[in-house]
Amino acid sequence: MRFKNEISIVLVGEAGQGIQTIETVLTRTLKAAGLHVFATKEFMSRIRGGSNSTTIRAASSPVRAYAEEIDLCVLLDGDAYSWIQERITPDTLVIGDPAVYDHLDELIPLPLADLAKQVGEKIYANAVACGFVIGLLGLKSALLEKTLEELFGGNQEVLDKNLRASRLGLEQGEATAKEKEWFCDLQTNPQIAGQLFLNGSEAVGLGALTGGCNFIASYPMSPSTGVLQFLAKYAERFGLVVEQAEDEISAINMGLGSWYAGGRAMVSTSGGGFALMGEGLSLAGGIESPMVIHLAQRPGPATGLPTRTEQGDLDLALYAGHGEFPRMILAPGTLEEAFECARLAFDLADASQSPVFILTDQYLLDSSYNVPELPLPAEPDEHHIVETSADYRRYALTESGLSPRGIPGYGQGLVCVDSDEHDEAGFITEDAEVRTAMVDKRLRKFKGLRSEQTVKHHLFGPTDYRRLLVGWGSTRLAIEEALARVGDPETAFLYSPQVYPLSEQVQEHLQGAQRLIVIESNATGQFARLIQRETGRQADACWLQYNGRPFSVEALEHRLRQEVTS
Amino acid sequence: MTTNMFVREGCDIAWCPGCGNFGILKLLTAAMAALELDQQQTVLVSGIGQAAKIPQYMQVHFFNGLHGRALPVATGIKASNPNLTVIAESGDGDMYGEGGNHFIHCIRRNPDLTNIVHNNMVYGLTKGQASPTSQRGFETPLQPAGVILEPFNPLAVAIALEASFVARAFVGHKEQTLDILQQAIRHRGYALVDLLQPCVSFNKLNTYQWFDENTAYLDENHDPHDRIQAFASALEEDPLRLGVFYRKEKPLFEDQLLGHKKEKKPLFQRQVNLEEIRRLVQEFNG
Ligand SMILES: Cc1ncc(C[n+]2csc(CCOP(=O)(O)OP(=O)(O)O)c2C)c(N)n1
Ligand code: SF4
């Protein structure tokens, strides 16, 4: 037996067993070997026990989406099998400790516990497992050793034990491959070794830094915390104010205070936290403050499935906040887009004096893969603040709806902002005419947002399509791969990271579809509703999934084949 | 003390005739003028309520935000531009009720800002409901049988949290209040001034006369560095003590932020360091 030009590896174990470490070690080593690598994890909301898994795809050509099929499955504890059973096929190689899984006929035995104990404690089982996989694939042990040195180099004793454990595993892997006559002919490309490897949280964080983010106040909530932690790590290096607020209400108000004083602030939160920010969002609308909101979706309602994924908060982002005011929603689908959307969000918020959302989800944030580069700009974005004159009026009525935005301490004028309806100078008014003029002015700003195509949309597949698939956010890559697998000449896939407002170009594509199919990870088709509201075009079908898991390439492929042949 | 640059002449003031807020407006602008604050570097932040309207009647930068949220906004401003003098001002309902959580945590952070609370022991703008500082038995349309809750003691809470400056004043005593306000604004760190102020429309219990009769200054030998003594004085109810209860030098929030370690400039003067970001991106090639 031989592996094709791709292999899918899944490692399952309890929380606390170091699945994250295994993922890091294996992805780094596989990439160093010159393979394209994708990894995504799936975990339970608990610190110990339960079941966590990581799915790693390594291939000769780029892989970037979650696939269910497993070529190689490593079971790290007694419960693992039942969690992964559905994804195991007759072709899957199942590796586990014979002492635990004596009843599994197809088991390829790897005495994890014994080998780990030879080295020291049972936590070294994960190094044994990593060694086994690398040995089985016939990859060089030096690559694995180098990765371990990079990760554990700070502690010689721990490093030595990891090295010994991995060597024991590697020998077993090599022996098994030889005995069963497996070999692996994955084509490698040395250039990949030097590529970037990052996850969604890191991509959002790097984008925010590049966009000039210098202030973040937030309250921890999965899955948004990764971005907050990323920025906290680099606070000193990049001169970034980071504060863990007492709650989300405080966080967004601190952020608005920062923008008022000339900072470029963002908040990172999840649905439940953002629910608390509703009044702050409305305040941003009323005082015409820029604001960047990273809203990382997870299944609701209430606290829902804390560690799993969903696209259930589009409506929340769209309708949160009382009163009428413009906003923009960007929903990246790739890591490059996550970087770009996060970067652009600051400039867009600053230029439009309106809130801008970066709408992500657990799946996107916790997935990682190699990318050749991130689109760094040549120059930093310009700030849109002005030096004020003595007669400065914060809410001067203008044709574009945008009043030049001053900040205190820069110029001769006074910067007066008020959450009550206000006149041009920022003073409270109940004058009916001024009220109407101010509402009109705020809504006029929206025109600029609407016509602009800020982050490019994509049309995959034929341009003379009859059937159009539409997805948004993190479903992009799985739909792309499924479409490529099916390769139907009449089916295309339309995708735009700017989900609101929908640009005119996207609207044209939608109108041209004979059959429109919207694919989303929620139960009611929120994006389909948005499309109908904005364009009048009703979706002919919605493919929805809301079980807390990401769409797999296979599930979409299957659905599309049925669709095409029906 | 009649005209100064912080006074906005000729504006239509929405307070009831006789309201204690007028006195606070006068004293605050006088204190700011006496301290020669730089008008371009001074920001007033307020929430919602009658008290919170105060910046509308002044010549100053202001951020009049949402009910209860003045302190987070003020903290965000101060952390983004530490050169600004920031004063957060609002009513007792705003700061201690809706904003209670922020009050606690703002004290813990200790940004260099002055927090003036117009304490009239009632909700003015919404027409006379109980506030967190209303006394037991105080009858309102919403509490027809009288307030049954224990009144919130802002000074005791602030001292318990080791706020860096804690004072109580009464608007009827001009000289002393002016002095306390100046001390509070000059103080480096979070400074609370609980400022007693009659609401002539909705609080018929705590009137000018009532405050006059039920307050007394701290003893001359009160040591504001003695926390236990300060706490004991804060617990006194009959009479309510006035003066500076407690003060302590503490590290400032903004001074300790990692983001201000290498660079001291306000955020709006900072440049994105693309070169350094490029280097960071390259660190992800492992
Ligand atoms: C979120 C929210 N809830 C309620 C209100 C209504 N409201 C406005 S002012 C106020 C109370 C203000 O009381 P206080 O802070 O004591 O100020 P005063 O008017 O007495 O000066 C309330 C409840 C509001 N504006 N926003
Ligand atoms: S209602 Fe009370 S607090 Fe408000 S202005 Fe009138 S007297 Fe002052």
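**View 1. Arg485(A) and Glu481(A) share helix 17 (residues 476-486) of chain A, where four residues, about one turn of the helix, separate them.** Helices (H or I, at least four residues) and strands (E, at least two) are DSSP runs numbered from the N terminus. The model is predicted: local features need pLDDT of at least 70 and side-chain atom pairs pLDDT 80 or more, while totals for chains, interfaces and linings use all residues. Residues are numbered from 1 along each chain as written, chains are lettered from A and ligands numbered from 1 in the order written, and side-chain values use heavy atoms, without hydrogens and water. A salt bridge (side-chain nitrogen of Lys or Arg within 4 Å of a carboxyl oxygen of Asp or Glu) joins the two side chains at 3.1 Å, N to O. Glu481(A) is buried at 17% relative accessible area, whereas Arg485(A) is partly exposed at 30%; buried means under 20%, exposed over 50% and partly exposed in between (1.4 Å probe, protein chains only). Both residues belong to a salt-bridge network that also includes Glu6(A), Arg57(A), Glu557(A) and Arg561(A).

**View 2. In helix 10 (residues 274-282) of chain B, Arg279(B) and Glu276(B) lie three residues apart.** Their side chains form a salt bridge of 2.7 Å, N to O. Arg279(B) is partly exposed, at 45%, and Glu276(B) is buried, at 16%.

**View 3. Helix 7 (residues 200-210) of chain A is mostly covered, with ten of its eleven residues buried.** Among them are Val204(A), Leu206(A) and Leu209(A). After the helix comes Gly212(A), with a positive phi near 95 degrees.
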